[in-house]
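My entries follow in the order in which I made them.

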Amino acid sequence: MALQPVYVGRTYPPSRPYLVGREKVREFAAAIGADETEYSDPAAARAAGYRDVIAPPTFPFVITTMANDVVLDDPDLEIDYTRVVHGDQRFAYTRPIEAGDELVCVCVIEEAMTRAGHGFLTTRTDVATTAGEPVVSVWTKLVVRGEG
Amino acid sequence: MSVPVLTAGQELAPHTYRITRDDLIRYAGASGDFNPIHWSERTAVKVGLPGVIAHGMFTMALAGRAVSAWAGAAAVLDYGVRFTKPVPVPDDDEGTEIVVSGKVREVSDGIAQIDLTVTCNGEKVLAQARARVRQAGLGD
């Protein structure tokens, strides 16, 4: 089986920078029904000490899930994406994402194993600005369901 | 933004969120997750699901709204969940509902740990759902 502990620690090259747009943050906040003014009104966000609107807590996943394709597409891991289920998700924030942030993701494999025919993969994605300021670390555990 | 101070053992007022099919379409667009199990009954049934289900990340986002309501939008330091059961969303005007309740496990150095319980039709859909939040006016 392809998901094995030997891959733990494998680190992938940094992602292409993602520029966080104010309207994208507003769109995301509206889609989850989050109506705190810091998510939509730059003046309210500035009053709270931010440069521009801030993103809701799960917004980083929008960015990291794209960056994680570099792991899922790693031919050594032989992941059948049609069998992947989202197991666990965790975020540890240094600060909220703000509109205007230009963010780079670095993905690391923290867990890779196969047990009872199912594959388990946990990635940590460290999200930082292009200037190197850490913003949030994101852990995603995926389960690759075995056949039958 | 003024938010109440959290104390250990405190039960936090539950929040109920309704989820309909159009919410899932909107979330798909906003998040970029176009997996058809979240909008196509045919696909969902084919892979063995009871029908179209909500994105796990949508459920996590709604539970996150409750955390923000309890603690403030910018207060969250750490937030994690395990997805244990799907949230089926029927194709009608009512859709379904999730209920998010919370209890403050402990408060230390101005940081509160909240244990979340998230249910749909009385069944837990998330496990190990926890958030650490900074208390308002402390540690900023």
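I first looked up burial in helix 1 of chain B, residues 21-31, in this predicted model. The buried residues there are Asp23(B), Leu24(B), Tyr27(B), Ala30(B) and Ser31(B). Viewed down the helix axis, they fall within an arc of 130°, so they line one face of helix 1 of chain B. I recalled the general rule that an α-helix has 3.6 residues a turn, so residues three or four places apart point the same way.

I next asked what these buried residues of helix 1 of chain B pack against. In chain A the partners are helix 1 (22-31) and helix 3 (60-67). In chain B they are strand 1 (11-19) and helix 3 (56-71).

I then turned to the largest nonpolar core, which holds 78 residues. Val25(A), Phe28(A), Ile32(A), Ala63(B), Val67(B) and Ile98(B) touch the most other members. Helix 3 of chain B gives the largest share of this core, 10 residues.

Apart from neighbours within four places in sequence, Ile32(A) is in contact with Pro56(A) in chain A. Its contacts in chain B are Tyr27(B), Phe58(B), Ala61(B), Leu62(B) and Arg65(B). Tyr27(B) is among the buried residues of helix 1 of chain B.

Last, I recorded chain A as a whole. It has four helices and five strands, in the order β-α-α-α-α-β-β-β-β. Of its 148 residues, 38% count as buried.

Conventions
Residues are numbered from 1 along each chain as its sequence is written. Chains are lettered from A and ligands numbered from 1 in the order in which they are written. This is a predicted model: local features need pLDDT of at least 70, side-chain atom pairs count only at pLDDT 80 or more; totals for chains, interfaces and linings use all residues. Helices (H or I, at least four residues) and strands (E, at least two) are DSSP runs, numbered from the N terminus. A residue is buried if 20 or more other C-beta atoms lie within 10 Å of its own, exposed if 12 or fewer, and partly exposed in between; C-beta atoms are placed from the backbone. The arc is that of the directions from the helix axis to the C-beta atoms. Two residues are in contact if their C-beta atoms, placed from the backbone, lie within 7 Å. A nonpolar core is a set of buried Ala, Val, Leu, Ile, Met, Phe, Trp, Tyr and Cys residues joined through C-beta atoms within 7 Å.
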